[in-house]
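Hi everyone, thanks for coming. I'd like to walk you through a few local features of one structure, so let me put it on the screen.

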Amino acid sequence: MRKSSLLKIVSVLALSAAVLTTAASISASAAGKFETASDAVDNIKIGWNLGNTLDSHGDWIGLYTEGKTSDYETAWGNPVTTKKLITAVKNAGFNAVRVPVTWAEHIDDSGNIDKKWLDRVQEVVDYVISQDLYCVLDVHHDAGPDGWLKASESSYKSDSKKFAGLWKNIAVRFRDYDEKLIFEGWNEVLDSRNSWNDARQSDAYEAANKYNQLFVDTVRKTGGNNGSRNLMVQVYGGSVTEKALAGFVLPKDTVKDHLIIQIHYYDPQGFTFSDATWTAMTDKWGTDAEKSYMDKQLERLGKFAQSQGVPLVVGEFGADFKNNNSSRKLYAEHFVNGAAKYGIKCFWWDTGNMALFDREKCEVAHPEIVNVLTE
């Protein structure tokens, strides 16, 4: 973290006595004012990710730019987000926006956040909330292969206070926001070996579960609307493998039906990605075998959600553009329609080759894909 960032943090005074509010003080009537997690997922039609924007990160940004919020926001090639863009997303038919945020270069070791960064995050959240859209706010590349947050017991021992401090600060800042704001604890946390799909460390699933529980406990203790806010918790790595799902333990909560499980889906990666060197690449999708495989995966996810007794969303899915919109359209249509059979709602990952919007012009770039998602 740069020294200049340390000079402007959210202080302990900003948290004040509200941080001391405990979950025990949250009344049943307060919890009853918010829609349940089941209702929220039912009400989400289709979601869109503001990818590679507030989640951009890298030491080089602080070294070779002025280190302004806009320098971080635009570091990975996207323009500064405007309310006009979010309006375009809404007008296209999306009613939920996931706002990924990487906090690592804007926090200290106690999880206190640089004020300018938190102010900018809040501004973008307000672009979404002010237009009556659902907004999912997360902790993004703080986890993952480059993150400080790891699914291991050693990470939990050394970094859990920082993680809790970060979420305490986020939760207090947004404590008075209504039910349209949903918090997501972390994104694609991996073990210390950065193992995708299935963890290779024996303590990884337990550590991921402990971080999920710490997230829920920390948010609830900040009181106010956070006492009954809907919260998203992820499976290890966002994975859909049988082993990862089996290793997931739903956190205990102080209120009933205010948790949502999130997973990510990019199968088959040779089709959805442009650089999946570990598998055979293709620009086509839609054989009977491919449709059947997707159907079985969605059926398995539906049964998993039912076994947990909570709703499930696909926080990320999508497919790169390879001059193949006929296949992309078929893929997107089959996926969202298949997911809907099990009450699963989906958020398209929008950036780079997966982008459906021209963010400079604030308009739809691939209407054929957007139409099948929103219809």
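Let's start at Glu-188, which is buried, with a relative accessible area of 14%. Keep in mind that this is a predicted model. Glu-188 is found in the loop between strand E4, residues 181–184, and helix H10, residues 204–221. Its backbone deserves a look too: Glu-188 is not a glycine, yet its phi is positive, about 50°.

Now hop over to Cys-362. Is this residue buried or exposed? At 14% relative accessibility, Cys-362 counts as buried, because the cut-off is under 20%. Cys-362 is found in the loop between strand E9, 357–358, and strand E10, 363–364. Here again we have a positive phi in a residue other than glycine, with a value near 55°.

Next, strand E7, residues 312–317. Six of its six residues are buried, so E7 is largely enclosed by the rest of the structure. And what are its partners? Strand E6, residues 259–265, runs parallel to E7, joined by five bridges, and His-264 stands opposite Glu-316 in E7. Strand E8, residues 345–350, also runs parallel to E7, through three bridges. In that pairing, Val-314 stands opposite Cys-346 in E8.

One last stop, back by E6. Pro-268 is found in the loop between E6 and helix H12, 269–272. The peptide bond joining Asp-267 and Pro-268 is cis, with omega about -10°.

That's my tour, and I'm happy to take questions!

How values were computed
Residues numbered from 1 in each chain as written. Predicted model: local features only at pLDDT ≥ 70, side-chain atom pairs only at ≥ 80, totals over all residues. Heavy atoms only, no water. Buried < 20%, exposed > 50% of the residue type's maximum accessible area, 1.4 Å probe, protein only. Helix = DSSP H or I, 4+ residues; strand = E, 2+ residues; numbered from the N terminus. Pairing = 2+ DSSP bridges.
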